[in-house]
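Trainee: I'm opening this one for the first time, so please walk me through it slowly.

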Amino acid sequence: MIVHPINPIYDEKSQILILGSFPSVKSREEGFFYGHPQNRFWRVMAKICDEPVPESIEDKTRLLLNNHIALWDVIHSCEITGSADSTIKNVVPNDIGIITEKAMIKRIFVNGRKAESLYKRYIEKKIGIKAVCLPSTSPANASWSEGRLYEYWKSKIEE
């Protein structure tokens, strides 16, 4: 079993919560979300927020909080081979209530189909908020270009 090593990013002003499935090997090594340089998450979010692409953990955290965005993952612990979502088993979900009880979360988005299925299975009934599934920013989702991801994510987040 691998335990999620990264604390959630949020404050009382957070209105949007974005949930991934579980941190990649690279993210676990770096100690922060979306640490693989080929993952498009930070470039897409920077463009949506009309800000420069953040480089440091401090800049990434500031980008999220300045734009009232909370970030975490659905899974607290699991068995996983490498970084492949397809290998995830024996899931223990995170307590998303930690965020929803303190922040003003109005909408929840999940980054990819695995996060969506896990959210529906373990969290949606407890929280009572349906999540909007966004196409994964992972480099494994090669059928979506960065530009297409940006357009789709922007349209859903700004709805």
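This is a predicted model: local features need pLDDT of at least 70, side-chain atom pairs count only at pLDDT 80 or more; totals for chains, interfaces and linings use all residues.

Trainee: Which side chain does Glu116 meet in a salt bridge?
Mentor: Its partner is Arg113, at 2.7 Å from N to O, where a salt bridge is a side-chain nitrogen of Lys or Arg within 4 Å of a carboxyl oxygen of Asp or Glu. Both residues belong to helix 5, 3 residues apart, which is about one turn of the helix; helices (H or I, at least four residues) and strands (E, at least two) are DSSP runs, numbered from the N terminus. Arg113, for its part, is exposed, with a relative accessible area of 61%.

Trainee: How many salt bridges does the structure hold?
Mentor: There are 9. One of them joins Asp59 and Arg62 at 2.7 Å, N to O, and both of these residues lie in helix 3 (residues 57-66), 3 residues apart. Asp59 has 31% relative accessibility and counts as partly exposed, and Arg62, at 44%, counts as partly exposed too.

Trainee: Switching topic, what is the order of the strands in the sheet?
Mentor: It is an open sheet of 4 strands in the order 3-2-6-7, with parallel pairing, and two strands pair if DSSP finds at least two bridges between them. Strand 3 and strand 7 (131-134) are the edge strands, each pairing on one side only. Neighbouring strands are turned by 25° against each other on average, direction ignored; for such values, axes are lines fitted to C-alpha atoms, for helices over the stretch in contact, and angles run from 0 to 180 degrees between N-to-C directions.

Trainee: Strand 2, then: which residues lie on its two faces?
Mentor: Ile16, Ile18 and Gly20 are on one side and Leu17 and Leu19 on the other, and all of them are buried. In a regular strand the side chains alternate between the two faces of the sheet. Strand 2 pairs with strand 3 (residues 69-73) over 5 bridges and with strand 6 (residues 107-111) over 4 bridges. Ile16 stands opposite Ile69 in strand 3 and opposite Arg107 in strand 6, while the bridge partner of Gly20 in strand 3 is Asp73.

Trainee: Where does helix 5 lie relative to those strands?
Mentor: Helix 5 (residues 113-122) lies across strand 2, strand 6 and strand 7, and it runs at about 130° to strand 6; contact here means heavy atoms within 4.5 Å.

Trainee: What about rings, how many aromatic pairs are there?
Mentor: The structure holds 6. Phe32 and Trp42 form a stacked one, 6.0 Å centre to centre with 20° between the planes. Rings of Phe, Tyr and Trp (its six-membered ring) pair if their centres lie within 6.5 Å, and planes under 30 degrees apart count as stacked, over 60 as edge-to-face and the rest as tilted. Both Phe32 and Trp42 are buried. The rings of Phe41 and Trp42 make an edge-to-face pair, because their planes stand at 90°, with the centres 4.9 Å apart.

Trainee: Which residues form the aromatic cluster?
Mentor: Phe32, Phe33, Tyr34, Phe41, Trp42 and Trp153 form one cluster.

Trainee: Last one: which ring does the charged end of Lys47 sit over?
Mentor: It sits over the ring of Tyr150, 4.4 Å from its centre, and the charged end of Arg148 sits over the ring of Trp144 at 3.7 Å. The criterion is that NZ of Lys or CZ of Arg is within 6 Å of the ring centre and within 35 degrees of the ring normal.

Conventions: Residues are numbered from 1 along each chain as its sequence is written. Side-chain values use heavy atoms; hydrogens and water are left out. Buried means under 20% relative accessible area, exposed over 50%, partly exposed in between (1.4 Å probe, protein chains only).
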